[in-house]
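Dear colleague,

Please find below the structure that I am handing over to you. My notes on its side-chain contacts come after it.

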Amino acid sequence: CDFTIDSTKAWQHTGILMHQDIKAIISYKSGLWTANPNDNGGQQYDTYGNPEYINAKEGYTMPNENEGALVGKVGHTVFLIGKEGTTPPGLTGELQLCINDDLNGRYGAGLTDNQGEVVVQISVDFA
């Protein structure tokens, strides 16, 4: 299934429920976005995140990973997806997706200055 992820919205629901016998593979398909239009010369980028690599701070979706990268969450477990990723094993709950950015506007505009959206494909494997 394809899902469009908006860079201006926090954790977005996929409706895909994970449990220990399911693995989801999330792959970038198309679209561009930015977590900060003042960075990277104003150019948007894919789900790898900012090509100049900006280390995300505390309060971001996933600290210590590239700002603007695609991040996933199941329950309380947050994991990096980037251009392609797989859900960690043994998680239970709904798969949610978000851009790696300042969720609560702690350092400035947060999600409100973001631009763009990306399309990802999610395929599910049963163990």
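The paragraphs below take the aromatic residues and then the salt bridges.

Please bear in mind that this is a predicted model.

Aromatic residues

The structure contains one aromatic pair. Its members are Tyr 60 and Tyr 107, whose ring centres lie 5.9 Å apart with 45° between the planes. The arrangement counts as tilted, because stacked rings need planes under 30 degrees apart and edge-to-face rings over 60. The pair links distant parts of the chain, its residues being 47 apart. Tyr 60 belongs to the loop between β3 (22-34) and β4 (70-74), whereas Tyr 107 belongs to the loop between β7 (93-99) and β8 (115-126).

The two rings may also be described by their accessibility. Tyr 60 is buried, at 10% relative accessibility, while Tyr 107 is partly exposed, at 38%. Tyr 107 has a further contact: Lys 57 lies over its face, at 4.6 Å from the ring centre.

Salt bridges

How many salt bridges does the structure hold? There are three.

One of them joins Lys 29 to Asp 2, with 2.8 Å between the closest N and O atoms.

Another salt bridge involves Lys 83 and Asp 46, whose closest N and O atoms are 3.0 Å apart. Here the partners lie in loops: Lys 83 in the one between β5 (77-80) and β6 (84-86), and Asp 46 in the one between β3 and β4, so the pair ties together parts that are 37 residues apart in sequence. Lys 83 is partly exposed, at 44%. Asp 46, by contrast, has a relative accessible area of 18% and counts as buried, because the limit for that class is under 20%.

There is also a salt bridge between the side chains of Lys 9 and Asp 6, with an N to O distance of 3.8 Å; the cut-off for such a contact is within 4 Å. Lys 9 is partly exposed, at 46% relative accessibility, and Asp 6 is buried, at 19%.

Yours sincerely

Conventions: Residues numbered from 1 in each chain as written. Predicted model: local features only at pLDDT ≥ 70, side-chain atom pairs only at ≥ 80, totals over all residues. Heavy atoms only, no water. Phe/Tyr/Trp six-rings, centres within 6.5 Å; stacked < 30°, edge-to-face > 60°. Helix = DSSP H or I, 4+ residues; strand = E, 2+ residues; numbered from the N terminus. Buried < 20%, exposed > 50% of the residue type's maximum accessible area, 1.4 Å probe, protein only. Lys NZ or Arg CZ within 6 Å of the ring centre and 35° of its normal.
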